[in-house]
Amino acid sequence: MITRTRTNTMAMGTITAMHTDTALPAASLLQLIWLASPALPVGGFSYSEGLEAGVDSSRVATEKEASDWLTDQLQLTLARADLPVLARAVTAWRANDLPTLHALNAWLLQTRETSELRAQTVQMGRSLVEWLRNHDGIDAAHLQTCAALEPSYPMAFALAAASTQAPVRDCLLAYAFGWAENMMQAAIKAVPLGQSAGQRILARLAAEIPAAVDAACQLPEADWQAFSPMLAILSSQHETQYSRLFRS
């Protein structure tokens, strides 16, 4: 468990306080849209995060089952692990709190229960760091620190988002929606489904994301978890699955 410090306690207060109705500067809004885009060259399109194994085992065969699967994943994994850690990481990057950043990244890597899921977050994290090297506005020392972490994707995303003027909540909304778009596309390919079905799934996820983000911002550190044993089992089975479209 990550030790809570005085800085971290202050950071959690900031997360709550930054939920305001103040208009986000256009440059920051566009940067968040860019970071959430499926076109971001980090390889997100090549992963299904166990969904393909769910399809192969006949657990996901319809639009409703895919929608339920992804909604559960949002609530059970993202909202209880990646999103609360991302919230803390954004404030830690802004405060240059390096011990907290190291601890957060180590915790995230430990929550990846299979080699595929760990490889995914590390590959996407490293790819995002390389992308950030070619863009202005990222502190060079922070970039070097992140690269040395064996960065998970949420930590690299937090670094990119921290360079904007966006409140923490908006950073989490962008991250969650980017995840939702990638996973919706994975469902379309793996089940398979049509584009209209995919858009209905995305609409449901978009409706669920704000509450998931708010819950993540308020979640005490002692309640952080990524306990999804069946997902871990399916991910392990996917490693030796005969025919695969995705890397996870």
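**Chatting through the model**

Biologist: What kind of model is this?
Modeller: A predicted one.

Biologist: OK, salt bridges then. How many does the structure hold?
Modeller: Nine. One of them pairs Glu 63 with Arg 200, with the closest N and O atoms 2.8 Å apart. That pair links distant parts of the chain, since Glu 63 is in helix 4 and Arg 200 is in helix 10, 137 residues apart.

Biologist: Which residue does Lys 64 meet in a salt bridge?
Modeller: Asp 68, at 2.7 Å from N to O. Lys 64 is exposed, with a relative accessible area of 57%, while Asp 68 is partly exposed at 24%.

Biologist: And Asp 82, what does that side chain pair with?
Modeller: With Arg 112, in a salt bridge of 3.0 Å, N to O. Asp 82 lies in helix 4 and Arg 112 in the loop between helix 5 and helix 6, so the bridge ties together parts 30 residues apart in sequence. Asp 82 is buried, with a relative accessible area of 7%. There's also a network: salt bridges with shared partners join Lys 64, Asp 68 and Arg 204.

Biologist: Switching topic: where is the cis peptide bond?
Modeller: Between Val 191 and Pro 192, with omega about -5°. Pro 192 is in the loop between helix 9 and helix 10.

Biologist: Which residues have a positive phi without being glycine?
Modeller: Ser 58 is one, with phi about 70°. Its place is the loop between helix 3 and helix 4, and Ser 58 is exposed at 58%. Glu 150 is another, with phi near 55°; Glu 150 lies in the loop between helix 7 and helix 8 and is partly exposed at 29%.

Biologist: Last one: what covers the buried residues of helix 6?
Modeller: The cover includes helices 2, 5, 7, 8 and 11. Among the buried residues of helix 6 are Leu 117, Met 124, Leu 128 and Trp 131. Helix 6 itself has 19 residues and reaches 27 Å from its first C-alpha to its last.

Technical notes
Residues are numbered from 1 along each chain as its sequence is written. This is a predicted model: local features need pLDDT of at least 70, side-chain atom pairs count only at pLDDT 80 or more; totals for chains, interfaces and linings use all residues. Side-chain values use heavy atoms; hydrogens and water are left out. Helices (H or I, at least four residues) and strands (E, at least two) are DSSP runs, numbered from the N terminus. The expected span of a helix is 1.5 Å times one less than its number of residues. Buried means under 20% relative accessible area, exposed over 50%, partly exposed in between (1.4 Å probe, protein chains only). Contact means heavy atoms within 4.5 Å. A salt bridge is a side-chain nitrogen of Lys or Arg within 4 Å of a carboxyl oxygen of Asp or Glu.
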